[in-house]
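Take a slow look at the structure below.

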Amino acid sequence: MLTEAQLREDLAKLKTIAAAHKAPGAALETETVTIDGLQLDVFSHVPCNLGDLYKLGLEASEQTFLVYQDERFSFAETWGLALRMARVLKENYDIQLGDRVAICARNSPQWCIAYMATTLVGAVAVPMNSWWKSRELKFGLSDSDSKLIFLDPARLDLVLPFINELDVQLVLIKPESESNFPEFYELAKSAEPLTAAELDEIQVLPEDNASIMYTSGSTGMPKGVLSTHRNIINALYTWKFVKEINEILRPELVDDYSEFPPALLANVPLFHVTGSHAQFLASFIYQRKFVMMYKWNAEVALKLIEQEKISVFHGVPTMAWEIMQSPNFDTTDLSSVRTVASGGAPRPPEHLHMIMQKFPGKAIPGLGYGLTETNAIGAIISGKFYASKPNSTGRPTPPVTSVKIVDEQGNTLDNGEVGEICIKGATIMKGYWNNPQATAEVIKDGWFHSGDIGMLDELGFLIILDRAKDIVIRGGENIGCAEVEYAISEHPAVSEVSVYGIPDERLGEMLCASIMLQSETKLTSNELSEFLSSRIAAFKIPQRVFFQYVQLPRIATGKIAKKELRLKTIELLTTEA
């Protein structure tokens, strides 16, 4: 851990290093450009589009890139298949610049290659939630007006009832039996790769649309987040920029990967920005092996870490927790692990302490904050900074992103004051697809209003307190669910917890908690209340607590399904009444 004096010293050094990176000729130099009337800082010497990003993998052309069960493809083989599928898109399906192409399937090499091929020809990739049902799939395909969809058999069964109502063609991934629909690999292998000259003719520009990623949406139908090639590229190079600054600041932590080449365990869905951006697309920059899982399973993850010599373990916080709780953890060779990072949800400080104790010494813990609308960029923290500020999600990510906190009237607040987190920069989405009204509600003067509640502390570290919609107002008192979850997670019998509010006639809302207990432990509501009484104010202690020994339900991204828990609790208490 760092003292406050050391933190201030390191932060001063960080500013100096960041300023040096902005100097003309620096590898990650920035410049100011005007985009849609806004002046924004962007990286100067980076790939112009995603196609140029993919070519970076050819610097390690024979190195293994995509791994999924028995399938293994080098960077060169992946590039070749993407060029073949790109020709298929153009010549078989008449996919043109700006057309939408949907992908709805489990993680697989075909998913990755479909995304690459789509963006290579200047079309817009539309990753769809593979947990969606027929109604949601129909909405996504109709809303995006996709001309083609890549999908697997499970999703095929869901779209067949309505597919004739839409003008969309199908390509099947991993068919389980004979099918009348074209099969992915057969199509790709039947075509010649697009030539360099043909790619140049397409002329994909930085401001061209690249992807539409649908938000999960707690109410109503999802919204499509439209991002450009520049948005995504600047997000990827923001992570690279932060990594390089940290290595300059803490050279003792630099690993030359001579013993274990970079390898990442792809343990979250590719339709989520963590999976598509931080995991998949960033792997081209680092020439990193990308090892996909069929579905999340802690024991399988440990086996793959040892077998594939995984260096980066990166997912939602519950994943690191689950592998540390696995009976196989202590017998698994984890010597290759260099990073244990997470995003998408807060990580309780107790989880961080456990990571630092249980993982090998070279494994650096990290946490990131961002949204689909920001292409996963916002703030990031790792190593000794993280150990010193375990309740923080880090400092706003330099050098092309700014963060401010505002009150309900939109006034900028000082450090230490609580309000809504707003983010501005080159990674902010172009807008919500087909929804200018929703776009105008969240983007004001270039600032994206996240709906998250937080503060910047005296050193500029971002502390997230909760989602605005997850604040429970009990008798006029605001209660941040994350704060209560942190406190409950400190109890040794608690494996995981979700805190939420339900309607209450007297106080407006009643605070509830659903808790998964460690096996062979016991805990009562009274015992938990007594435990919490010295940690949080009395009005923050949940009034109703529900215990279980199985994992809490999840949404597709791996986060706990808080909405589902809330609805079940309301139904249960209504029945009791």
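Predicted model: local features only at pLDDT ≥ 70, side-chain atom pairs only at ≥ 80, totals over all residues.

Helix 3 and helix 4 cross in a right-handed way. Residues are numbered from 1 along each chain as its sequence is written, and side-chain values use heavy atoms, without hydrogens and water. Helices (H or I, at least four residues) and strands (E, at least two) are DSSP runs, numbered from the N terminus.

Two packed helices are described by the angle between their axes and the distance between the axes. Here, the axes of helix 3 (residues 75-91) and helix 4 (residues 109-120) come within 8 Å and cross at roughly 55°. That makes helix 3 oblique to helix 4. Under 35 degrees would count as roughly parallel, over 145 as roughly antiparallel, and 65 to 115 as roughly perpendicular; the rest is oblique. The axes are lines fitted to C-alpha atoms over the stretch in contact, and angles run from 0 to 180 degrees between N-to-C directions.

Which residues make the contact (heavy atoms within 4.5 Å)? Helix 3 supplies Thr78, Trp79, Leu81, Ala82, Leu83, Met85, Ala86 and Leu89, and helix 4 supplies Ile113, Met116, Ala117, Thr118 and Leu120.

Now turn to burial. Buried means under 20% relative accessible area, exposed over 50%, and partly exposed in between (1.4 Å probe, protein chains only). Helix 16 (residues 481-489) is mostly covered, with eight of its nine residues buried. Among them are Cys481, Tyr486 and Ile488. In helix 5 (residues 134-144), the buried residues include Leu137, Gly140 and Leu141. Strand 5 (100-104) and helix 6 (153-159) are among the elements that cover the buried residues of helix 5. After helix 5 comes Asp145, with a positive phi near 55°.

Is His314 buried or exposed? His314 is buried, because its relative accessibility is 12%. His314 sits in strand 13 (residues 312-315). Leu264 lies 50 residues away from His314 along the chain, yet their C-alpha atoms are separated by 7.6 Å. Leaving aside neighbours within four places in sequence, His314 touches Leu264, Thr274 and Ser342, among others.

Last, the cysteines. Cys422 is buried at 0% relative accessible area, whereas Cys48 is partly exposed at 32%. The structure holds zero disulfides, a disulfide being a pair of cysteine sulfur atoms within 2.5 Å.

Methods: Left-handed = near helix turned anticlockwise from the far one by under 90°. Contact = heavy atoms within 4.5 Å.
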